[in-house]
Amino acid sequence: MSRELPPEVLLHVLSCLPAEEDSLSSVHVLLAFGSTCRAWFDLGRTASLWTPHAVARWKRGPPPSPGTDSYLYYRRRAFLDQRTTRQIHSLARSTHARLKIVEDIRSSGEEVLDVLNRLRNTQEDDEPEYWLSLRHWAASAWEAILRDGALRTWRRISDEEDAHGEPESNFEDGALAFVAFRGADPEQVRLRFQKMMGTVTKLCKNSLKSPSSSLAHMVGQVIECMKAQGLKPVDGHGEDFHHPQNNFLSDVWDDADQHSMFDNGRGTLPMSLVVIFCSLIRRLPHSFNITARPVGFPGIVLALVSPREGSTEALFINVFDSGRILSKSDLDRMVSHMGVQMVPEYLQQASAKDMCHRIARNILHSVRTRAQDGTQSALYAAATAFFVFAGGHVYANWLVALIQSPDFSLDVALLESEEFRLHLVSDARRKEVAELCESIRTEDKEMPESSLRSAEIVWRTGHVFIHRLFGYVAVIRGWDYKCEASENWIQQMNVDSLPRGRNQPFYHVLCSDGSKLYVASENVTVVPVPENRYREFQRLPSIGLYFRTKGEVEGRPGFIKSDSLAAEYPED
C-alpha cells in the first residue's frame, strides 16, 4: 500500500529524517529507500532531501550551493572521505613513501578537514592496534592543509594596495593565520569571537542610550567583556611578556579559558588584545555605527575607533592599558619619551600586511628572549610570514633551513614552487635547493636503515622511565651504541664527566612535555612510573610517529613501536 502513496507524501516523510553530524543512520535509510525500485530510486535522489544531511556532516569546504545536485555533492564528499580515510590508515601502517600520499591528501584542501579532524581524535577503542599512529598522521595532514590555507590568506593580504580600501576582516584573517603553524584551526578560534558577541552586543546596545559619548561607552563595555573572559594585559615587566604563545590567538584563548574564573591567567600582548578588540567591534550590528582599526604606533599597537559614517569623532584606544582613551598630548608625550619625532603615519590606520609583519617580528623577538619547547613552530610561522610579506633571499634561505628538519619536511613542495625559486639569489643556489628537495624526496622513498642490537643496549624502544638525576618522565624512541652528538654538545653537557662517559649507549627519548632529549644509558631507570604520567604521552601530537598503541615492554607498561620504528629497530 505504501507504494501507492503520492510522491509528495513520500518526500515529506523522508524530509523528516534527522540530519546529524555524528550519525549516518538517516543517510542509510535514504539509500535503502532508493534501492527499492526505480521510481523510489529517482525520488530518493531529490536534492532537497540531501542538502540538510550534507550541511550537517561537513562544516568545512564550500556547502552545496543553490541549484547544486545535493545528492551528487554528498556522494562526491563521502567518496573523498573514504579515500582520505584509507590513505591515513596506509600512512599509519607504512614505513616509508609517505610524502606523495600526504601531498595527495593536501590537494583536496578544506574538503577533507572534517574527516581528518575525526581521525585525529581517534580513541583506543576505535582502532586498538594502531590508534596513536592513526591520530598522528591524520593530525599531520590536517595541520598541513591549515598551513596551506594560511599561506593563501597571507598572499591575498599581501596583494592589497591600500589599507583604507582593504576589507575590515583582513587584520583578523592575517592574525588568525599564524595559529595554523601551531596546529590550531583558525575557524575554531573565530568561533570564540562569535560566542562572545551575545554579551558584547547587549552591553553595547545599552551604550547607545548613554547621554555621554556612545563611542567611549561602547569601548568600555567591550574592554570589560574581554576582561571577564580572561583576555587581559600580560605583566609588562614579568617573564611571561616574552612568552612566544602570546603571539598566537589560539594559545591566548586557551590560557584565558583555563584561568578566567580565578583571574590568574598569563595575559597577553598589546597586538593580540588589539586584534580581539577590533574583531569584536567589527561584529557589532551596522546600526551601532562603530568601527575599529589597528594603528601602528611605535612601541605599542593602538586601536582607532570611529563612527562608520556621519561624525568625524575618532578615539585612540590603548587596549593594553584597560582601554584608556589617549588625547593628542598623550600621544605626543609617548612619542617624545621614545626620543623620536611625531609623524602623521604614526596615527594612521595600519594595513593588515604591516600588522602581520609586526606579529612576525614580535614572534622572533619572543623566541630570542625566551626560547622554550615549541619555538620551532613559532619560528616557522614567523619565517613564512616574513617570506610572504617581505620576500628576499634571506627569508627564503631561512625557510630552506627549517624545511630540512623532520618537523616541516612535508612542506618541501613550497621550496620547489616557482614563486619560491624567484627569491633565490643565483642559479647556483637554485640548483642547491633543488638538490636538497630531491634528497628529501629520495629519503622519504627509502626504507629506514635498520639498527641491530648489541649486548650493550640494555633498554628497548617503548620503555617509559624516570630520569635518574632530573626526575622527568620519558619514553625511549631510539638509541645509539655511543654518544653521537656533536663535540660542542658533548662539552656543553659535560658528558665526559659521567661515570661511563661518552662511550656508553645513548638514547633518543620523547619526554612527557613533548620535548626530545638525548640521555645516557646510566640515567635510564626502572623506577615505577605513575599511571597518570602515561596519559600525558597519549596527548602528545608526535607520540604516534614512534608508537602505534600502548602495551607491555619487558613486563612493564610502555608503548608498542610503530611500523616505521619497528623497521628501524627490528630486534627491539
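Which element gives the most to the lining of the second largest cavity? Helix 13 does, with three residues. The model discussed here is predicted.

## Overall build

The chain has 572 residues, and buried residues make up 50% of them. Its secondary structure comes to 24 helices and ten strands. Taken along the principal axes, the C-alpha atoms fill a box of roughly 90 × 85 × 55 Å.

Among contacts in the chain with a separation of 6 or more, 62% are between residues 24 or more positions apart. The chain exposes about 27300 Å², and carbon and sulfur atoms supply 52% of that area.

## The largest cavity

A search of the whole structure finds six cavities of 30 Å³ or more. In the largest cavity there is about 100 Å³ of space. Its lining consists of 16 residues; Glu168, Phe171, Ala292, Arg293 and Pro294 are the ones nearest the centre.

Three elements each supply at least two residues of this lining: helix 9 (170-177), helix 13 (270-282) and strand 1 (291-295). By class, the lining of the largest cavity divides into seven nonpolar, four polar and five charged residues.

## The second largest cavity

The second largest cavity has a volume of about 60 Å³. The residues that line this cavity are Ala175, Asn246, Asn247, Leu249, Leu269, Met271, Ser272, Val275, Ile359 and Asn362. Helix 13 and helix 15 (352-369) are the elements that give two or more residues to this lining.

How many charged residues does the lining of the second largest cavity have? There are no charged residues in it; six are nonpolar and four are polar. The lining of the largest cavity, by contrast, includes five charged residues.

## Cysteines

The structure holds zero disulfides. For Cys225, the nearest cysteine sulfur is that of Cys204, 6.8 Å away. Cys225 is buried, with a relative accessible area of 8%.

Cys278 is likewise in no disulfide, and its nearest cysteine sulfur, that of Cys356, is 13 Å away. Is Cys278 buried or exposed? Cys278 is buried, because its relative accessible area is 5% and the cut-off for buried is under 20%.

Definitions and conventions:
Residues numbered from 1 in each chain as written. Predicted model: local features only at pLDDT ≥ 70, side-chain atom pairs only at ≥ 80, totals over all residues. Heavy atoms only, no water. 1 Å grid on protein atoms, 1.4 Å probe; cavity = no way out; pocket = protein on both sides within 12 Å on 5 of 7 lines; lining within 4 Å. Points joined across faces, edges and corners; volume = space filled by probe spheres on them. Helix = DSSP H or I, 4+ residues; strand = E, 2+ residues; numbered from the N terminus. Nonpolar A, V, L, I, M, F, W, Y, C, P; charged D, E, K, R; others polar. Disulfide = S-S within 2.5 Å. Buried < 20%, exposed > 50% of the residue type's maximum accessible area, 1.4 Å probe, protein only. Contact = heavy atoms within 4.5 Å. Areas by Shrake-Rupley, 256 points an atom, 1.4 Å probe, with all protein chains shown as cover.
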